[in-house]
Amino acid sequence: MCKMTFEELSGEYSTERMDTVTKALEEVLSSALPQGCITVGVYEAAKSLNVDPDNVVLCILATDDEDVKDVALQIHFTLIQAFCCENDINILRVNNTRRLAEILGGGGKQGGEPMDLHCVLVTSPHSSSWKDPALSKVNRFCRESRCMDQWVPIINLPER
């Protein structure tokens with residue numbers, strides 16, 4: 001059930017709130033990476049979603065300006081979004097793959113090959129729910145966005 005004030009429903013999220021969610025997302029990714037709880041790549045994510053969707057706690061779809069015209073990528077995104085919605089997996093869209101690569105380490109390279117950062121899954125390190133305050137903030141943001149009929153909220157990852 002969504003209980004939000006008129007101000008929350010009628011306006012965009014404040015800059016301060018978006019900064020908080022952006023920092024929380026960075027914390028989630030930074031803490032999940034050393035635990036081996038990150039799946040990178042559209043095809044790898046699809047395989048992981050097919051095998052164990054209950055273990056996925058967050059799906060991140062990343063694009064840059066030039067990716068908007070990539071029809072195949074947009075079709076993949078549509079299918080992944082539909083699957084995540086069907087399986088109650090929170091989804092975020094980020095608009096800076098370069099910054100995402102920095103957060104995940106390696107500057108977008110994996111074994112000399114460029115990483116496909118268009119889809120990143122965060123999985124739970126244990127069979128029980130992951131109790132991470134940063135993840136809770138991100139999940140709350142996703143839930144509140146859905147209450148405002150924004151099913152895939154967009155996060156701006158600023159350059160550092």
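In this predicted model, strand 2, helix 4 (residues 71-86) and strand 3 form a β-α-β unit that is right-handed, a term used if, with the strands pointing away from the viewer, the path from the first strand over the helix to the second runs clockwise. Local features need pLDDT of at least 70 and side-chain atom pairs count only at pLDDT 80 or more, whereas totals for chains, interfaces and linings use all residues.

- Five strands make an open sheet in the order 1-6-2-3-7 with mixed pairing, where two strands pair if DSSP finds at least two bridges between them.
- Strand 1 (38-40) and strand 7 (154-155) are the edge strands, each pairing on one side only.
- Strand 1 and strand 6 (residues 119-123) run antiparallel and are joined by three bridges, with Thr39 having Leu121 in strand 6 as its bridge partner.
- Helix 6 (residues 133-147) packs on the sheet and touches strand 2 (56-62), strand 3 (91-94) and strand 7, with contact meaning heavy atoms within 4.5 Å.
- The direction of helix 6 makes about 95° with that of strand 3, where axes are lines fitted to C-alpha atoms, for helices over the stretch in contact, and angles run from 0 to 180 degrees between N-to-C directions.

**Strand 3 and its partners**
- Strand 3 pairs in the parallel sense with strand 2 over four bridges, and Leu61 stands opposite Arg93 of strand 3.
- Strand 3 also pairs in the parallel sense with strand 7, over two bridges, and Val94 has Ile155 in strand 7 as its bridge partner.

**Arg99**
- Arg99 lies in helix 5 (residues 97-103) and counts as buried because its relative accessibility is 10%.
- Leaving aside neighbours within four places in sequence, Arg99 is in contact with Glu26, Leu157, Pro158, Glu159 and Arg160.
- The side chains of Arg99 and Glu26 are joined by a polar contact of 3.1 Å, meaning a pair of N or O atoms within 3.5 Å; within protein, one must be able to donate a hydrogen and the other to accept it, and residues adjacent in sequence count only if both atoms are side-chain atoms.

**Confidence**
- The chain has a mean pLDDT of 84, and 83% of its residues reach 70 or more, pLDDT being the predictor's confidence in each residue, from 0 to 100.
- Over residues 4-11 pLDDT stays under 50, and the model has seven contacts beyond four places in sequence for these residues.

Key:
Residues are numbered from 1 along each chain as its sequence is written. Side-chain values use heavy atoms; hydrogens and water are left out. Buried means under 20% relative accessible area, exposed over 50%, partly exposed in between (1.4 Å probe, protein chains only).
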